[in-house]
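Colleague: I would like to go through this model slowly, one question at a time, with the structure open beside us.

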Amino acid sequence: MAVVREFTLPDLGEGLTGAEIVRWLVQVGDVVAIDQPVVEVETAKAMVDVPCPYGGVVTARFGEEGTEMPVGAPLITVAVPEGADEPGGGAGSGSGAGAGAAGDAAASDGGSGNVLVGYGTTAPAARRRRVRPGAAVPAGAVAVGAGAGAGAGSGSGAGRAVAEAVSRPAVVVADERPADGPIPVISPLVRRLAREHGLDLRGLTGSGPDGLIMRADVERAVRGAGAGGVDGGVDGVAVGRGVTNGVAGGVVADGLAVAASAPAPSEREERVPLRGLRGVVADKLARSRREIPDATCWVDADATELLAARTAMNAAGGPKVSLLAVLARICTAALARYPELNARVDMDSREIVRLAEVHLGFAAQTDRGLVVPVVRDAHARSVEGLSAEIARLTESARAGSLAPAELTGGTFTLNNYGVFGVDGSTPIINHPEAAMLGVGRIVPKPWVHEGELAVRHVVQLSFTFDHRVCDGGTAGGFLRYVADCVERPMVLLRGL
């Protein structure tokens, strides 16, 4: 006999509340082993293969590729041979040769406990479930037979028990959910969409598995309401647009005010969801603008000697060093002189928190958007060490394989926007940091050098800082020291 286990999207840590399904790695009917990856998801910070803590036959999948799934939403259900989910339990009395991976894939209710990218496959306790005979099988799910274990102990072992579990007459496994309990929706996006159009989700019948309300269900209800029907609405009242009697943004139907639906989108406009990486970036930048009173100062610097110094370092043999690594080393030296800029502001306690370690973030453009990998303990690394770590993190960022820990915890950011061919910028501080150094492109320009006009390689440096942590004198001193190191790299040797 097989027991159906539900595996939900685990908590991915780092404040992440959901993920987008990129690619399913298993099909309904496949046999999976404990900790076998079953789905590839994209969080706001990395691509992750999610392992399942149960071994058995996949009986249902929830969510199509491209669907945004909240943490705790069901991913798959697995038919696990009875007894295999108990420590030391057996799946059958026979040889068990046909069990294959399923027989070796037994897991306890607590999951395997293995850890992947900062989270384990330990699943929350399964919800109480009941079997409703004769109900229709939901779309995209495989029904589990009621008499699954009829021949489990007759010599074929776990494989036969699981095989029978998916071949018996259709019976739907349904959640026990009280009428006044939580509304089953596929994602927070569905709740927001319903709220914007004034729809009561309790009045909708979901087309997803176990009555799960999908985005298409809400959109269908909105279209029906706009056409004058009652396919969705508040307490059975159709939603529409019109002039209200003193009720802003809604219509009055039989004395009941109902929120107006949004204007129909133009056929020529394109709507891009703010989700995944783009959504997290938007939230973080908006928070930075709301909370941080920032100011920016900038200076032009002659980078000719800096370029010559880097060329000399690479000509001396050994690993090549990047220009960004040299600038990173200048940043750590400047922060050692001005430690008040390696800080964050704790408004709850009304304190400036100055940090001992420099975890240097640097902006990296990828196919998924702009990310900021973090070089840990940058203050303790040489130019060569910084160059190697920056190269490793950049490669991982472009491959989408950075771990969440490699994208968080920065204390200062270096932004090389010169790679885009621009001279200057006033960047938004990477919350909750206190400052960011921006580096423009290095281009030949007329420059007065040693009293004479000459063509030199000039760069614009900009420095954006949180005015709560320091005044302009400190910020100006930091930027001037960085410019001096760029113009005369020998200045950097004094502090080494």
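Colleague: Is Leu324 buried or exposed?

Modeller: This is a predicted model, so the values here are computed from its coordinates. Leu324 lies in helix H7, and, leaving aside its neighbours within four places in sequence, Leu324 is in contact with Phe362, Ile390, Leu414 and Asn416. Its relative accessible area is 18%, and since buried means under 20%, Leu324 counts as buried.

Colleague: Which residues of H8 meet H7, and how many residues of the contact are nonpolar?

Modeller: From H7 come Leu324, Ala325, Val326, Ala328 and Arg329, and in H8 they meet Val383, Leu386, Ser387 and Ile390. When the residues of this contact are divided by type, 1 is polar, 1 is charged and the nonpolar ones number 7.

Colleague: How far apart in space are Leu324 and Val383, C-alpha to C-alpha?

Modeller: In the sequence, 59 residues separate Leu324 and Val383. In space, going from C-alpha to C-alpha, the separation of Leu324 and Val383 is 9.5 Å.

Colleague: Which residue in E19 is the bridge partner of Val345?

Modeller: Strand E18, residues 343-346, and strand E19, residues 351-354, pair in the antiparallel sense over 4 bridges. The two strands form a hairpin with 4 residues between them, and Arg350 in the turn has a positive phi of about 55°. Across this pairing, the partner of Val345 in E19 is Ile352.

Colleague: Where is Glu450, and is Glu450 buried or exposed?

Modeller: Most residues other than glycine have a negative phi, and most peptide bonds are trans. Glu450, although not a glycine, has a positive phi of about 55°, and its place is in the loop between strand E26 and strand E27. Its relative accessibility is 74%, and because exposed means over 50%, Glu450 is exposed.

Colleague: Which residue does a cis peptide bond join to His431?

Modeller: The bond in question has an omega of about 5°.

How values were computed:
Residues numbered from 1 in each chain as written. Predicted model: local features only at pLDDT ≥ 70, side-chain atom pairs only at ≥ 80, totals over all residues. Heavy atoms only, no water. Contact = heavy atoms within 4.5 Å. Nonpolar A, V, L, I, M, F, W, Y, C, P; charged D, E, K, R; others polar. Pairing = 2+ DSSP bridges. Buried < 20%, exposed > 50% of the residue type's maximum accessible area, 1.4 Å probe, protein only.
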